[in-house]
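Student: I have a protein model open and would like to learn how to read it. Could you take me through it step by step?

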Amino acid sequence: REENETAIGLARARQTADEARRAREDLEAVQEAGRTRLSQAHGAGGPVGHLQNLALVVGSVDALLREADDECQKADEEVVESIKAYHVAFRQRRSIDQLRDRHLETWRSEQTKSEQKTMDEVALTRHTRGNAASTPGE
């Protein structure tokens, strides 16, 4: 059960990391488009106010991109932690499975010994009765 819960947590962490990466990629595209427009406006000799406005927008996108980078890094760290937790849960389940298998093997061995002992006792009893029955008649 714990292994399933950690697997679900890992899937969610990976999904969050993927979403953060896509958001960062979208911001990178916006940043590139903004820089291209700024460059074009600067080269065309546009009004200073327009250039300042574009520079402000590009600066804002740069700040958002830094935040997106931080979110991506946090999401990737969460994925790493989720992977570690999943591996721990997997190892624990595996250990429990091995203990259960050992216990089952021990139980089977004890059952086999008990059955063998019972069969030996029955054989000994029959052999003793057979010898006792054949001795008086000789």
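Student: What share of the 138 residues counts as buried?

Tutor: Buried means under 20% relative accessible area, exposed means over 50%, and partly exposed is in between, using a 1.4 Å probe and protein chains only. Here, 17% of the 138 residues count as buried. Keep in mind that this is a predicted model: local features need pLDDT of at least 70, side-chain atom pairs count only at pLDDT 80 or more, and totals for chains, interfaces and linings use all residues. Residues are numbered from 1 along each chain as its sequence is written, and side-chain values use heavy atoms, with hydrogens and water left out.

Student: How many helices and strands are there in the protein?

Tutor: Helices (H or I, at least four residues) and strands (E, at least two) are DSSP runs, numbered from the N terminus. This protein has two helices and zero strands. Helix 1 covers residues 2-44, and helix 2 covers residues 48-134.

Student: How do I read the overall shape, and what radius of gyration does the protein have?

Tutor: The radius of gyration is taken over C-alpha atoms, and the globule rule is 2.2 Å times the number of residues to the power 0.38. A compact globule of 138 residues would come out near 14 Å, but this protein has 38 Å. Along the principal axes, its C-alpha atoms fill a box of roughly 135 × 15 × 15 Å.

Student: Which residues make up the largest nonpolar core?

Tutor: In soluble globular proteins, nonpolar side chains tend to be buried together. A nonpolar core is a set of buried Ala, Val, Leu, Ile, Met, Phe, Trp, Tyr and Cys residues joined through side-chain atoms within 4.5 Å. The largest one here has seven residues: Leu10, Ala13, Ala17, Ala20, Cys72, Ala75 and Val79. Helix 1 and helix 2 are the elements that give two or more residues to this core, and helix 1 gives the most, with four.

Student: Ala13 is on that list. Which residues is Ala13 in contact with, leaving aside its neighbours within four places in sequence?

Tutor: Contact means heavy atoms within 4.5 Å. With those neighbours left aside, Ala13 touches Glu78, Val79 and Ser82.

Student: What joins the side chains of Gln31 and Asp62?

Tutor: A polar contact is a pair of N or O atoms within 3.5 Å; within protein, one must be able to donate a hydrogen and the other to accept it, and residues adjacent in sequence count only if both atoms are side-chain atoms. The one between the side chains of Gln31 and Asp62 is 2.4 Å.

Student: How many aromatic pairs does a search of the whole structure find?

Tutor: Rings of Phe, Tyr and Trp (its six-membered ring) pair if their centres lie within 6.5 Å; planes under 30 degrees apart count as stacked, over 60 as edge-to-face and the rest as tilted. The search finds one pair. Tyr86 and Phe90 form it, stacked at 6.5 Å centre to centre with 25° between the planes. Both lie in helix 2, four residues apart, about one turn of the helix. Tyr86 counts as partly exposed because its relative accessibility is 25%.
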